[in-house]
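Take a walk through this structure, one feature at a time.

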Amino acid sequence: MTKSKITVFMPLGGINDTQTTLQELENQEMVHEIFITGKEQPEGINIPEKACFSEIENLQSTFGVKKMSELSKTPFTLIYTKPLPLKLGAFALERLVQVAENTGAGMIYSDHYQMKEGELQPLPVIDYQMGSLRDDFNFGSIMLYNTKALGKAAWQMTEEYEFAGLYELRLKVSQQKMLFRIPEFLYTEMETDTRKSGEKMFDYVDPRNRSVQIEMEKVCTQHLKDIRGWLKPEFPEVKFTEEQFPVEASVIIPVRNRIKTIEDAVRTVFSQKASFDFNLIVVDNHSTDGTTEKLQELAKEDNRLIHVIPERNDLGIGGCWNEGVFHEKCGKFAIQLDSDDLYINDTVIQHVIDAFYAQNCAMVVGSYQMVNFKLEEIPPGLIDHKEWTPENGRNNALRINGLGAPRAFYTPVIRSIRVPNVSYGEDYALGLAISRHYQIGRIYEPLYLCRRWDDNTDASLDVNKMNAHNTYKDRIRTIELMARIEMNRR
């Protein structure tokens with residue numbers, strides 16, 4: 001039995017980088033053939049015997065995927081996505097193939113190391129699940145595909161995409177076989193994006209990436225239709241006269257140890273002007289830094305502030321939200337404001353409530369401006385989540401990693417669903433569940449200033465925390481997707 005079971009595709013990089021990767025792959029017994037992909041035949045590179053050039057301009061494109069399926073004549077196809085030097089671990093390719101054969105998986109990926117700023121760091125990734133529909137799911141830079149599964153998926157691709165080819169490939173492969181992670185560090189990749197996690201998390205709403213996002217949405221929508229998880233844009237009427245409430249609206253702020261920002265947040269609510277009565281419910285989750293005392297002072301100043309300290313000590317942000325919306329003084333609509341942030345003017349509450357009635361929706365999502373602590377605009381500026389459309393928002397929500405802010409809810413609906421008692425992703429879980437049944441309204445003008453600073457909960461997270469967050473959001477998507485498939489089945 002021949003050991004040469006892998007055909008490799010790699011993008012052309014700098015001369016030295018490409019040469020290093022070629023030499024690494026040439027010495028592997030498992031490798032049968034290497035295709036260097038790019039616009040033009042590389043000059044100044046010593047191409048080894050196993051390698052040749054293929055005019056696949058972009059590995060991310062549909063053309064690139066189909067071309068790889070045509071050229072690969074081995075049982076397995078390895079796609080290396082970075083133009084930077086690759087270093088394989090001992091018997092790494094043998095291990096990838098071994099697990100692929102043992103499991104029958106459609107694609108294998110693994111944990112790995114990362115060389116970042118001259119330092120070798122372990123980079124574990126996370127397990128793929130049904131709800132791992134994000135187009136930015138991190139597989140690492142090496143993916144080993146079963147060539148037959150790759151070919152079948154490529155044959156099913158009927159649209160031509162410039163950016164979403166690899167995304168469509170893994171979704172179509174996932175419809176027929178597992179995508180399987182090996183929790184072993186099998187190779188080392190180079191990393192050039194040295195931004196903090198809080199700076200990377202808004203890449204998908206950057207206007208410069210809009211054309212990419214449109215393609216990704218089309219691919220994900222078709223995948224949902226294929227697996228019967230897609231929902232039609234048909235919604236029941238929301239009746240706003242079912243119950244009596246003490247006020248029309250309540251702003252809800254969960255807070256713990258935000259002495260630096262809480263007064264600004266409270267006063268931005270006090271300054272609001274509306275044609276109806278509203279109040280502010282601050283759920284103070286046992287602060288110890290002076291936040292509690294400051295809220296007690298502010299409550300004496302304005303009786304619209306309801307300062308709640310929960311009896312429980314096991315509440316996350318979601319649990320604090322439940323404390324607020326189930327409070328006897330909660331209004332007909334519950335409007336979110338984070339303790340770090342500020343409403344952009346004195347008409348926000350009025351604007352939000354008007355949107356509920358005008359759009360007949362159970363939830364309203366606004367837009368916000370990114371600023372630093374001095375309230376100076378910072379990239380990417382306006383976050384308006386225009387990928388949320390009335391026609392397809394409830395489906396596209398399963399692909400993106402958030403629904404935007406500020407969020408507001410029709411109180412009977414949020415009470416019927418409730419918020420998961422966690423401190424990350426609770427708003428996303430709630431929004432997905434609401435969108436399964438009701439229309440979500442949108443306001444595309446900025447409603448508040450989102451202050452980014454080092455104490456933000458997601459400003460700079462280590463890889464393990466990021467993995468935990470992403471695993472949870474993928475699990476939320478899995479739960480929601482299963483619910484939608486079952487709803488369609490019925």
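F240, F333, F356, Y357 and Y410 form one aromatic cluster. Rings of Phe, Tyr and Trp (its six-membered ring) pair if their centres lie within 6.5 Å; planes under 30 degrees apart are stacked, over 60 edge-to-face, and the rest tilted. The model is predicted: local features need pLDDT of at least 70, side-chain atom pairs count only at pLDDT 80 or more, and totals for chains, interfaces and linings use all residues. Residues are numbered from 1 along each chain as its sequence is written, and side-chain values use heavy atoms, with hydrogens and water left out.

The structure holds 15 aromatic pairs. One of them joins Y128 and F139: the ring centres are 5.8 Å apart and the planes lie at 25°, so the pair is stacked. Y128 and F139 are 11 residues apart, and each is in the loop between strand 7 and strand 8. Helices (H or I, at least four residues) and strands (E, at least two) are DSSP runs, numbered from the N terminus. Both Y128 and F139 are buried. Buried means under 20% relative accessible area, exposed over 50%, and partly exposed in between (1.4 Å probe, protein chains only).

F137 is in the loop between strand 7 and strand 8 (142-146). Is F137 buried or exposed? F137 is buried, because its relative accessible area is 6%. Beyond its neighbours within four places in sequence, F137 is in contact with Y109, I126, D127, Y128, S132, R170 and D474. Contact means heavy atoms within 4.5 Å.

Charges meet rings too. K225 lies over the face of W230, 4.7 Å from the ring centre. The charged end of R451 sits over the ring of F373, at 4.8 Å from its centre. The rule asks for NZ of Lys or CZ of Arg within 6 Å of the ring centre and within 35 degrees of the ring normal.

Now turn to the backbone. Most residues other than glycine have a negative phi, and most peptide bonds are trans. The peptide bond from A405 to P406 is cis, with omega near -5°. P406 is in the loop between helix 12 (393-396) and strand 17 (407-410).

F91 is not a glycine, yet has a positive phi of about 55°. It is in the loop between strand 5 (87-88) and helix 3 (92-103). F91 counts as exposed, because its relative accessibility is 65%. E117, also not a glycine, has a positive phi of about 55°. Its place is the loop between strand 6 (107-116) and strand 7. E117 counts as exposed at 68% relative accessibility.
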